[in-house]
Amino acid sequence: MEELYDKYKALLFTLAYQLTGSAADAEDVVQDVFFKACDVDPERLREPKAYLCKMVTNRCLDLQKSARRRREVYVGPWLPEPIPTPEADTLETVVRRDLLSYGMLVLLERLSPTERAVFVLREALGFDYPDIAELLGKRETNCRMLMSRARSKMGISEEETVAADAIELEWVSRFLTSLEQGNVDLVLSLLSEDVMLVTDGGGKVTAATHPIQTREQVALILAGALHGLKSQGSLHSEFAALNGETGIVLRSGDEAVAAIYLQHRGEKIHRIYVVRNPDKLTRV
């Protein structure tokens, strides 16, 4: 079992994280699955990857039922938990080629648990439809319909690729510098007309309780928030590898107070996600 754990823990963590949006839940799921797998008949583990993925998927589907109830009373928008993606092989390190972009994880929240499972298994982990059908106990035609429905809900056409273009460090640097300098005009020039800012404070720290959807408001709120945080003490920013992307981490001393993701469309920033809930920043 130790050999199986070493071989599949990163894959299973990736799957569980993308099905739940929570690194804490993903870690618990992986540990729970391997604990239960110790009592499984070795004959049933002849194809361990498929069997373990099925166990993880079923556990996550159960978790999502209670998670949805919790999110109904969550204060403000709910965003996935940021995870660092360094080079070292730790449980928190996911297999990058299997990791959906942060913006895609946000879109996954629009899906039902089963639609999400089909999408992740197909688009992130590259499972064939017959294998997905077997994992979920459904017909292949049903899985294809669920996939089509998932793409429609996420606003992704059948011809469109799921892989997102990683935003370049230069873009992130320009954006951060313009904010730190209080250059609102420059910030505005970097934002698309339909930009949206989503902040997650979880009711524990100051954050907008609704998405901000005008360029002027986004620029002013971000500049004002950064100024407000700086006035509270020694605040510094750093670039960090988060979810396989270049993100921005704001720290007060050694404590992370925000993780920021930028998503661009064409030559403009299209989405900005800011995670401020301290419970979601422990790994950052």
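Is Val257 buried or exposed? In this predicted model, Val257 is buried, with a relative accessible area of 14%.

- Val257 is placed in strand 4, which spans residues 255-265.
- Its relative accessible area of 14% lies under the 20% limit, and Val257 therefore counts as buried.
- Apart from neighbours within four places in sequence, the contacts of Val257 are Leu235, Leu250, Arg251, Ser252, Val275, Arg276 and Leu281.
- Between the C-alpha atoms of Val257 and Lys204 there is a separation of 12 Å, and the two residues are 53 residues apart along the chain.

**Aromatic pairs and a charge over a ring**
- A pair of aromatic rings is described by the distance of the centres and the angle of the planes.
- The structure contains four aromatic pairs.
- One of them is formed by Tyr102 and Tyr261, which are stacked at 3.7 Å centre to centre with 5° between the planes.
- This pair links distant parts of the chain, since Tyr102 belongs to helix 4 (residues 102-108) and Tyr261 to strand 4, 159 residues apart.
- Tyr102 counts as buried at 0% relative accessibility, and Tyr261 counts as buried at 1%.
- Elsewhere, the charged end of Arg174 sits over the ring of Trp171, at 5.9 Å from the ring centre.

**Packing of helix 5 and helix 7**
- Helix 5 (residues 113-124) packs with helix 7 (residues 140-154) at an angle of about 95°, and their axes are 9 Å apart.
- Because of this angle, helix 5 is roughly perpendicular to helix 7.
- Helix 5 contributes Thr114, Glu115, Val118, Phe119, Arg122 and Glu123 to the contact.
- Helix 7 contributes Cys143, Leu146, Met147, Arg149, Ala150, Arg151, Lys153 and Met154.
- Classified by type, the residues in this contact of helix 5 with helix 7 are seven nonpolar, one polar and six charged.

**Ser178 in helix 8**
- Ser178 is part of helix 8, which covers residues 169-180.
- With a relative accessibility of 1%, Ser178 counts as buried.
- When neighbours within four places in sequence are left aside, Ser178 is in contact with Asn183, Leu186, Val187 and Leu190.

Notes: Residues numbered from 1 in each chain as written. Predicted model: local features only at pLDDT ≥ 70, side-chain atom pairs only at ≥ 80, totals over all residues. Heavy atoms only, no water. Axes fitted to C-alpha atoms, helices over the stretch in contact; angles between N-to-C directions. Helix = DSSP H or I, 4+ residues; strand = E, 2+ residues; numbered from the N terminus. Parallel < 35°, antiparallel > 145°, perpendicular 65-115°, else oblique. Contact = heavy atoms within 4.5 Å. Nonpolar A, V, L, I, M, F, W, Y, C, P; charged D, E, K, R; others polar. Buried < 20%, exposed > 50% of the residue type's maximum accessible area, 1.4 Å probe, protein only. Phe/Tyr/Trp six-rings, centres within 6.5 Å; stacked < 30°, edge-to-face > 60°. Lys NZ or Arg CZ within 6 Å of the ring centre and 35° of its normal.
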